[in-house]
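User: Hi, I'm new to reading structures. Can you walk me through this one?

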Amino acid sequence: KELIELSAYVGVTGVKVKPNALHKEISAEKTLEQIGKSLNELAAYAAEFNQQIRLEVHGEATQELPNIKKIMDWATHPNAAICWNCNPQDLNGQGFEHNFNLVKDRFGATCHVRELDRTDYPYGALLANLAKMNYNGWVLLECHTNPENKVKEMKTQREVFDRMIARIKIIQNTIKEKQLPLLVHDLGCGEFIDRHPEQFQRRIAQEFAGSALGVKDVAAGIP
């Protein structure tokens with residue numbers, strides 16, 4: 001609680017906290033309940049200082065999204081939020097979309113991503129989902145690499161981010177104009193959209209006239 005007061009004093013907007021693990025000698029459900037209740041208490045206290053409490057999706061077992069959902073079910077205060085963390089475990093169980101939807105209504109003002117041009121995580125789908133929900137928080141780059149020229153790499157990642165957002169806007173505008181039911185699982189066709197935005201718009205209109213294909217499926221049929 002003193003850190004919450006300090007955070008308010010120095011002029012920031014919130015404090016990030018982390019669940020770390022489940023305990024072998026205590027049931028998982030009991031531990032998740034304890035974490036959730038503690039989070040709820042902190043959220044209520046922090047609200048008095050205009051500080052959001054952000055639970056990072058973190059820790060062995062606790063980072064599994066169904067467990068994060070259980071924690072947040074106990075932390076009912078509106079000032080308790082999550083910090084999405086782009087973990088490999090986000091793809092576990094029923095997959096990324098299902099896990100994202102479990103907690104999308106509890107997103108806080110920060111979201112962590114790794115290098116956006118990596119291929120081991122569906123960053124296109126993540127950004128598309130954030131755009132769909134009109135997310136207005138901060139997407140924070142938390143790299144796992146240690147490039148020699150860090151400023152150059154930061155600029156490169158910003159360029160990648162801007163290209164991905166531009167693709168999403170093309171898709172969203174096409175859907176809006178054509179009133180199409182788009183199911184976005186993957187923006188892996190991004191290079192095609194960059195090169196041929198008008199052709200993409202025409203083709204997606206044709207393909208979606210009578211079906212609900214994914215964007216990648218539509219682009220796959222275009223040379």
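User: Where is Val15 placed?

Analyst: Val15 is in strand S1.

User: Is Val15 buried or exposed?

Analyst: Buried. Its relative accessibility is 16%, and the cut-off for buried is under 20%.

User: What separates the C-alpha atoms of Val15 and Ala46?

Analyst: A gap of 8.7 Å. Along the chain, Val15 and Ala46 are 31 residues apart.

User: Back to the strands. What order do they take in the sheet?

Analyst: The order is S1-S2-S3-S4-S5. That makes an open sheet of 5 strands, and the pairing is parallel. In general, strands of a sheet pair through backbone hydrogen bonds.

User: Which strands stand at the edges?

Analyst: Strand S1 (14-17) and strand S5 (138-141). Each has a single partner strand, so one side of each has no neighbour in the sheet.

User: And what's the twist from one strand to the next?

Analyst: It averages 25°.

User: How many bridges join S2 and S3?

Analyst: 4 bridges, in the parallel sense. Strand S2 covers residues 52-56. Ile53 stands opposite Ala80 in S3.

User: Which strands does H4 touch?

Analyst: H4 packs on the sheet and touches S3 and strand S4 (107-113). The direction of H4 makes about 155° with that of S3.

User: New topic: rings. How many aromatic pairs are there?

Analyst: The structure holds 9 aromatic pairs. One of them is Trp84 with Phe96. That pair is edge-to-face, with 90° between the planes and 6.1 Å centre to centre.

User: Why does that pair tie parts together?

Analyst: Trp84 lies in strand S3 (residues 80-84), while Phe96 lies in helix H4 (residues 96-103). So the pair ties together parts that are 12 residues apart in sequence.

User: Are Trp84 and Phe96 buried or exposed?

Analyst: Trp84 is buried, at a relative accessible area of 0%. Phe96 is buried too, at 8%. Phe96 also forms an aromatic pair with Phe100. That pair is tilted: 35° between the planes, 5.9 Å centre to centre.

User: How are Phe96 and Phe100 separated in the helix?

Analyst: By about one helical turn, because Phe96 and Phe100 are 4 residues apart in helix H4. Phe100 is also buried, at 1% relative accessibility.

User: Which residues do ring pairs link into a cluster?

Analyst: Trp84, Phe96, Phe100, Phe107, Tyr121, Tyr123 and Tyr135.

User: What lies over the face of Tyr45?

Analyst: Lys1 does. The distance from Lys1 to the ring centre is 5.1 Å.

User: OK, helix H5. How many of its residues are buried?

Analyst: 8 of its 10 residues, so H5 (residues 123-132) is mostly covered. Among the buried ones are Tyr123, Leu126, Leu127 and Leu130.

User: What comes just after H5?

Analyst: Asn134 is there, with a positive phi of about 55°.

User: Last thing. What's the mean pLDDT of the chain?

Analyst: The mean is 85, and 78% of the residues reach 70 or more.

User: Where does pLDDT stay under 50?

Analyst: Residues 181-188 form one such stretch; the model has 25 contacts there beyond four places in sequence. Residues 217-223 form another, with 12 such contacts. Where pLDDT is low, the predicted coordinates should not be read in detail.

Notes
Residues numbered from 1 in each chain as written. Predicted model: local features only at pLDDT ≥ 70, side-chain atom pairs only at ≥ 80, totals over all residues. Heavy atoms only, no water. Phe/Tyr/Trp six-rings, centres within 6.5 Å; stacked < 30°, edge-to-face > 60°. Helix = DSSP H or I, 4+ residues; strand = E, 2+ residues; numbered from the N terminus. Buried < 20%, exposed > 50% of the residue type's maximum accessible area, 1.4 Å probe, protein only. Lys NZ or Arg CZ within 6 Å of the ring centre and 35° of its normal. pLDDT = per-residue confidence, 0-100. Contact = heavy atoms within 4.5 Å. Pairing = 2+ DSSP bridges. Axes fitted to C-alpha atoms, helices over the stretch in contact; angles between N-to-C directions.
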